[in-house]
Amino acid sequence: MSDAAGTRATAGAMAEAAREWLGTLDAGQRERATGHVPSGDGDTDAERRRWFYTPTDHGGLTFHEQLPPQQRAAMKLIGSGLSRPAYVTVVTVMGLENLLDHTEGFVTMFDRSRGRDPLMYYLRVFGEPGGSGAWGWRFGGHHVSVNMLVVDGEVVATTPCFLGADPASSELLGDATLRPLGRVEDLARDLVRSLPAPLRGRAVLLDRAPPDVVAANRADPQEGDNWIPLAGVWRDRFGSDTEQAKLDAVSEAIEERAGFTDAEKDVVRLSRTPLGVPAAELDAGQREMLRVLLGTYLGRVPAEVSPIGRYDDDAELDRVHVAWAGSLADGAPNYYRLQGPRLLVEWDNTQREANHAHSVWRDPSADFGLDVLGAHRAAHHLR
């Protein structure tokens, strides 16, 4: 994170927006919109660390359950934790639900009256905004998950942070194209393409891409983890056996199309030792490309709380590894991973004929602020 003054200013803006939003809610809404004080405890804090990127119940108060002034206040809170480009991307991703509905023929699905729904996004505040102690908030829905933690008036955690897009690319008038995450994909492909053959051979792990991000929505990814089939990235099973069977069938079809052998799965498993090529072996131009690519993830939060400045230090950048799986051809299914100390970035664009993208930024040692909460608990509660 950057300087304390910047994190305090951002935390103050978040607290003001959170109090404003909560103040618009009635008792029933507030019950759904709030959760336990963040503690790091495995039981009382478990819900805060549940996160999703599928169109499942993310937990909290949906936009459906709010009046327009309440929705506006909710968006103010969401905007307080995002950079302007990230806010634009988030609201675009939410709007894509209408396009996805059109693509799929306006059918009902997921055991509800509208399966693709730009109002099925959930906001929840944990703890009491502002003051001393810990509080946080979570915003999520299909292809969006934003997780924030404030401790003693400073923003201390902004991960996991997930953005996806379905469709990843769609047509606009005037022969233009809408690609909300286009640069996130293209910068990585261009970087790997630019590598000399020996380095490219080490960076490209496989000629096929896994069907999803490998760490999935785990709260605490571990060595050896691999992707979770789609049906497993949901809060609960559907009440309707018919709808559950449909989801299971889609999930199984994705796995069959991926066609990974056990040996290939082993290649892309999570590892404490980063895979691919370290930035220390890149030339000056490639290193700059990597810094820009990192900015498409670490720049999703306000500059005052982003760790992007860490990579101005060449020694820090040196330890970031770049790994790719899949073809390097435009439009082909692809996956990449950036990994280093306090950094795990994943991207995939494989489903719907490589027109359905996922991207996630994580800090494996401090997602959800568990490192800070542990120290805070020791200092303030365990004497």
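Predicted model: local features only at pLDDT ≥ 70, side-chain atom pairs only at ≥ 80, totals over all residues.
E12 and strand E13, made of residues 334-340, pair in the antiparallel sense over 6 bridges. Within this pairing, Gly326 has Asn334 in E13 as its bridge partner. Strand E11, formed by residues 277-278, also pairs with E12 in the antiparallel sense, here over 2 bridges, and in that pairing Val277 stands opposite Val322 in E12. Strand E10, residues 204-206, is joined to E12 by 2 bridges as well, but these two strands run parallel; here Val204 is found opposite Trp324 in E12.

From the strands we can turn to the open space in the model. Rolling a probe the size of a water molecule over the atoms shows where empty space is left. The largest pocket holds about 470 Å³ of space. Its lining is made up of 23 residues, and those that lie nearest the centre of the pocket are Phe110, Arg116, Leu230, Val250 and Arg352. The elements that give two or more residues to this lining are helix H7 (241-258) and helix H11 (351-354), with H7 supplying the largest share, 6 residues. Sorted by class, the lining of the largest pocket contains 9 nonpolar, 6 polar and 8 charged residues.

Side chains of opposite charge can pair when their charged atoms come close. Counting a salt bridge where a side-chain nitrogen of Lys or Arg lies within 4 Å of a carboxyl oxygen of Asp or Glu, the model has 32 salt bridges.

One of them links the side chains of Arg48 and Asp45, with 2.8 Å from N to O. Because buried means under 20% relative accessible area, Arg48 counts as buried at 5% relative accessibility, and Asp45, with a relative accessible area of 1%, is buried too.

Another salt bridge brings together the side chains of Asp186 and Arg189, at 3.2 Å from N to O. These residues, Asp186 and Arg189, are 3 residues apart in helix H5 (residues 182-194), and so they are separated by about one helical turn. Arg189 is buried, its relative accessible area being 4%.

A further salt bridge joins the side chains of Glu223 and Arg272, again with 3.2 Å from N to O. Glu223 lies in the loop between E10 and H7, while Arg272 lies in the loop between helix H8 (262-268) and E11, so the pair ties together parts that are 49 residues apart in sequence. Glu223 counts as partly exposed at 41% relative accessibility, whereas Arg272, at 64% relative accessibility, counts as exposed.

Finally, salt bridges that share partners join several residues into one network, made up of Arg179, Glu185, Asp186, Arg189, Asp190, Arg193 and Asp330.

Definitions and conventions
Residues numbered from 1 in each chain as written. Heavy atoms only, no water. Pairing = 2+ DSSP bridges. Helix = DSSP H or I, 4+ residues; strand = E, 2+ residues; numbered from the N terminus. 1 Å grid on protein atoms, 1.4 Å probe; cavity = no way out; pocket = protein on both sides within 12 Å on 5 of 7 lines; lining within 4 Å. Points joined across faces, edges and corners; volume = space filled by probe spheres on them. Nonpolar A, V, L, I, M, F, W, Y, C, P; charged D, E, K, R; others polar. Buried < 20%, exposed > 50% of the residue type's maximum accessible area, 1.4 Å probe, protein only.
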